[in-house]
Amino acid sequence: MKRLTLLLAAALLGACSILPQSEPLDIYLLPATALPPQTQRVDWSLRVNSPVSNQLLDGTRIVVLPEPGRVNTYQGVRWSERTPQLLRGRLLDAFQDDGRIKALSNEEQRLQADLELVSDLRSFHSEYRDGTPHALIRLEVNLVDTRSQQIIASRRFSASQAAGDTSITAVVAAFGQAADQLSRELVDWTLNQGQRATP
């Protein structure tokens, strides 16, 4: 019986050794540059929802198009959270840095808000152009009156930034710069449209 137990233990140890090793991962945050604070304030509140996205973008993998029509992901690296939540966090940070809207929330907090941003994430990937990776972000945005559920304004935001080289650190930095550009444009647009819609 004792010998059988030892044989079973040896077999189990042998089985453990043939299991595939887990892939080592480098986790990346989305780099951000803070917006300069504004002194003007508005008296309405805003909820920033996570964008909806297709299955390819609704994850933590960093997507790349090495050539037109072919989709891949960078191996051994991930975003720190799912892409829609990653971008939502970047947009909320931009609104907070700007400071004109003091009452901010997201859909997970279930707080009442006067207006909300509802969006569709169409692109959040890098693509190669003449051998250089470019970070590309496209976001379809609706600004909605939460009481009437009417769309106040709609716009497509698009930002692209070339990476300094083909390394993943350079690609991630390019994503950060593209997100900075998109965030600045979206914050200003939201403030302008929100002021027109709220008495």
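Predicted model: local features only at pLDDT ≥ 70, side-chain atom pairs only at ≥ 80, totals over all residues.
**Entry 1**

Residues are numbered from 1 along each chain as its sequence is written, and side-chain values use heavy atoms, with hydrogens and water left out.

I then looked up what D58 touches, and found that R82 forms a salt bridge with it, the closest N and O atoms being 2.3 Å apart (a salt bridge is a side-chain nitrogen of Lys or Arg within 4 Å of a carboxyl oxygen of Asp or Glu). R82 lies in the loop between strand 6 (77–79) and helix 2 (83–98), and D58 in the loop between strand 3 (52–53) and strand 4 (63–67), so the pair ties together parts that are 24 residues apart in sequence. I note that helices (H or I, at least four residues) and strands (E, at least two) are DSSP runs, numbered from the N terminus. R82 is partly exposed, at 37% relative accessibility.

**Entry 2: other salt bridges**

By this rule I have a count of 13 salt bridges. One of them joins the side chains of E116 and R47, at 3.2 Å from N to O, and this pair links distant parts of the chain, since E116 is in strand 8 and R47 in strand 2 (residues 46–48), 69 residues apart. Are E116 and R47 buried or exposed? E116 is buried with a relative accessible area of 9%, and R47 is buried with 15%.

I also looked up R156, which forms a salt bridge with E140, the closest N and O atoms being 2.5 Å apart. R156 is in strand 10 and E140 in strand 9, 16 residues apart. R156 is partly exposed at 48%, and E140 is partly exposed at 23%. Salt bridges that share partners join R88, E107 and E108 into one network.

**Entry 3: strands 9 and 10**

I turned to the strands that hold this last pair of R156 and E140. Strand 9 (residues 132–145) and strand 10 (residues 150–162) pair in the antiparallel sense over twelve bridges, where pairing requires that DSSP finds at least two bridges between two strands. R156 is also the bridge partner of E140 in strand 10.

Four residues lie between the strands of this hairpin, and Q149, in the loop between strand 9 and strand 10, has a positive phi of about 60° although it is not a glycine. Q149 counts as exposed, at 53% relative accessibility. I found a positive phi of about 55° at D130, which is not a glycine either, in the loop between strand 8 (115–129) and strand 9; D130 is exposed, at 84%.

**Entry 4: the cavity**

How many cavities of 30 Å³ or more does the structure hold? I found one; a cavity is a set of points, on a 1 Å grid over the protein atoms alone, where a 1.4 Å probe fits but cannot get out, and lining residues have an atom within 4 Å of a point. The lining of the largest cavity includes V48, L91 and L186, and strand 8 and strand 9 are the elements that give two or more residues to it.

Key. Buried < 20%, exposed > 50% of the residue type's maximum accessible area, 1.4 Å probe, protein only. 1 Å grid on protein atoms, 1.4 Å probe; cavity = no way out; pocket = protein on both sides within 12 Å on 5 of 7 lines; lining within 4 Å. Points joined across faces, edges and corners; volume = space filled by probe spheres on them.
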